[in-house]
Amino acid sequence: MAIRDVKEFAHLTEADVEALGREFDQIRADIEESRGDKDAAYIRRLITIQRRLNVAARVMMFGSHRRELWWAGAITLGVAKILENMEIGHNVMHGEWDWMNDPEIHSSTWEWDNVCPADQWKHSHNYLHHTYTNVIGKDKDVGYEILRVRSDQPWHPYYLTQPVVNALLMTFFEYGVSLHDLDIDGLVKLRLEDPEEFKQKFLDILRKQARQVGKDYVLFPALTGPNAVHTASANFTANIIRNVWSYAIIFCGHFPDGAEVFTEEELENETQGEWYLRQLLGSANFTGNRLMHIMSGSLGYQIEHHLYPDLPSNRYPEIQTRVQALCEKYELPYTTGSFPRQFWQATRSIWRLSLPARKIREANQQRIDRGLPRQHGKISPGGAENASVAPAPSSTPGHPTSVSPADA
């Protein structure tokens with residue numbers, strides 16, 4: 001169930017939360033003070049690599065009539081788009097590199113290779129999502145307004161289509177993101193809060209989509225002459241690769257077991273320490289090597305990203321060590337696991353929550369009758385499903401605690 005009092009949930013006193021907030025503030029201050037040439041060189045080098053990959057892919061497309069060059073071009077372009085959207089675009093638009101005062105690598109000027117306009121993404125993501133993280137009714141990322149991802153959300157027969165809707169969202173993720181800042185709920189209910197603003201935003205989306213479609217399916221295919229159709233199909237494949245990967249990374253950080261949600265009551269008189277605590281409890285990490293983290297936009301460090309969304313992503317590994325130490329000190333959960341495990345937990349929840357509570361109870365009873373353990377969570381008499389409280393971290397210093405159904 002959604003958390004109404006984050007201090008009570010975490011078993012911390014007001015003094016504890018205040019002290020925790022000061023320690024999180026100190027981490028921020030230390031990283032801000034130590035930013036320098038090494039960090040700037042990292043993002044500039046990555047942008048250079050990404051652009052070279054993009055050019056290489058486009059050159060391969062001139063031979064896209066050959067199967068090996070078609071696949072090489074599509075995969076290379078997919079990788080280039082992932083790098084641009086995740087580790088570069090996402091983080092630049094967060095303001096992680098604004099301290100460099102480079103007008104070309106700045107949140108106010110960067111426009112990414114995506115059908116979602118940058119200014120709309122910054123409002124729906126940087127402001128709404130990162131301010132009201134996992135607050136039901138405020139954070140649109142809780143289900144993206146089309147999925148039931150928490151048991152607190154009332155069930156409707158529409159959610160029976162959820163597995164199919166989820167697969168479509170994954171395949172065409174950038175288009176789903178492009179509609180994220182629109183008042184979709186108001187449109188469905190024929191009660192738009194600001195019809196003129198909705199119209200202007202929708203027109204901006206259409207213009208951005210037209211530019212992206214023109215680039216990937218008209219301009220660059222035309223440059224390859226007789227191979228235009230092959231090139232267009234390779235570009236389409238690259239976009240699907242980017243969409244599926246981006247979807248998987250983002251859902252791993254927000255919807256696996258252990259990522260909590262909150263009611264709007266929690267926002268009343270919320271202190272900085274409580275805000276930090278909400279970010280910690282509402283996010284989940286996944287493990288991987290350095291290349292994996294770069295390809296995921298450093299969102300394998302989703303907890304650290306939510307605590308410090310405007311600090312350089314290349315510094316998250318050292319921030320993680322300090323955050324884990326604080327979790328151990330204050331006996332707080334630190335939710336993490338392998339990428340496949342986190343993705344499976346998020347997907348399993350989406351499938352399961354497509355059913356009404358009665359169906360979930362029946363499925364659990366069938367499992368018990370077969371001698372199998374029941375699924376994670378329990379169904380209250382009123383029909384709501386109550387998520388189990390995540391355990392405190394392991395007593396082993398420096399090792400994160402993974403939260404799984406078996407831990408509940």
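Modeller: Angles between axes under 35 degrees count as roughly parallel, over 145 as roughly antiparallel, 65 to 115 as roughly perpendicular and the rest as oblique.

Biologist: How do helix 6 and helix 10 cross?

Modeller: In this predicted model, the axes of helix 6 (residues 162-171) and helix 10 (residues 228-254) come within 7 Å and cross at roughly 120°. The two helices are therefore oblique to each other. Axes are lines fitted to C-alpha atoms, for helices over the stretch in contact, with angles from 0 to 180 degrees between N-to-C directions. Helices are DSSP runs (H or I, at least four residues), numbered from the N terminus.

Biologist: Which residues make the contact?

Modeller: Helix 6 contributes Asn166, Leu169, Met170 and Thr171, and helix 10 contributes Ile240, Asn243, Val244, Tyr247 and Phe251. Contact means heavy atoms within 4.5 Å.

Biologist: What is the make-up by class?

Modeller: The contact has six nonpolar, three polar and no charged residues. Here Ala, Val, Leu, Ile, Met, Phe, Trp, Tyr, Cys and Pro count as nonpolar, Asp, Glu, Lys and Arg as charged, and the others, Gly among them, as polar.

Biologist: Turning to the rings, how many aromatic pairs are there?

Modeller: The structure holds 19 aromatic pairs. Rings of Phe, Tyr and Trp (its six-membered ring) pair if their centres lie within 6.5 Å; planes under 30 degrees apart count as stacked, over 60 as edge-to-face and the rest as tilted. Trp97 and Trp99 form a tilted pair, 6.5 Å centre to centre with 40° between the planes.

Biologist: Why is the pair of Phe339 and Phe343 stacked?

Modeller: The ring planes of Phe339 and Phe343 lie at 15°, with centres 6.4 Å apart, so the pair is stacked. Both residues belong to a cluster linked by ring pairs, which also includes Phe173, Trp245, Tyr247, Phe251, Phe255 and Phe286.

Biologist: Is Asn91 buried or exposed?

Modeller: Asn91 counts as buried, at 0% relative accessibility. Buried means under 20% relative accessible area, exposed over 50%, partly exposed in between (1.4 Å probe, protein chains only). Asn91 lies in helix 4 (residues 67-93).

Biologist: And what does Asn91 touch?

Modeller: Not counting residues up to four places away in sequence, Asn91 touches Met86, Glu96, Trp97, Gly297 and Ser313.

Biologist: What are the ground rules for these values?

Modeller: Local features need pLDDT of at least 70 and side-chain atom pairs count only at pLDDT 80 or more, whereas totals for chains, interfaces and linings use all residues. Residues are numbered from 1 along each chain as its sequence is written, and side-chain values use heavy atoms, leaving out hydrogens and water.
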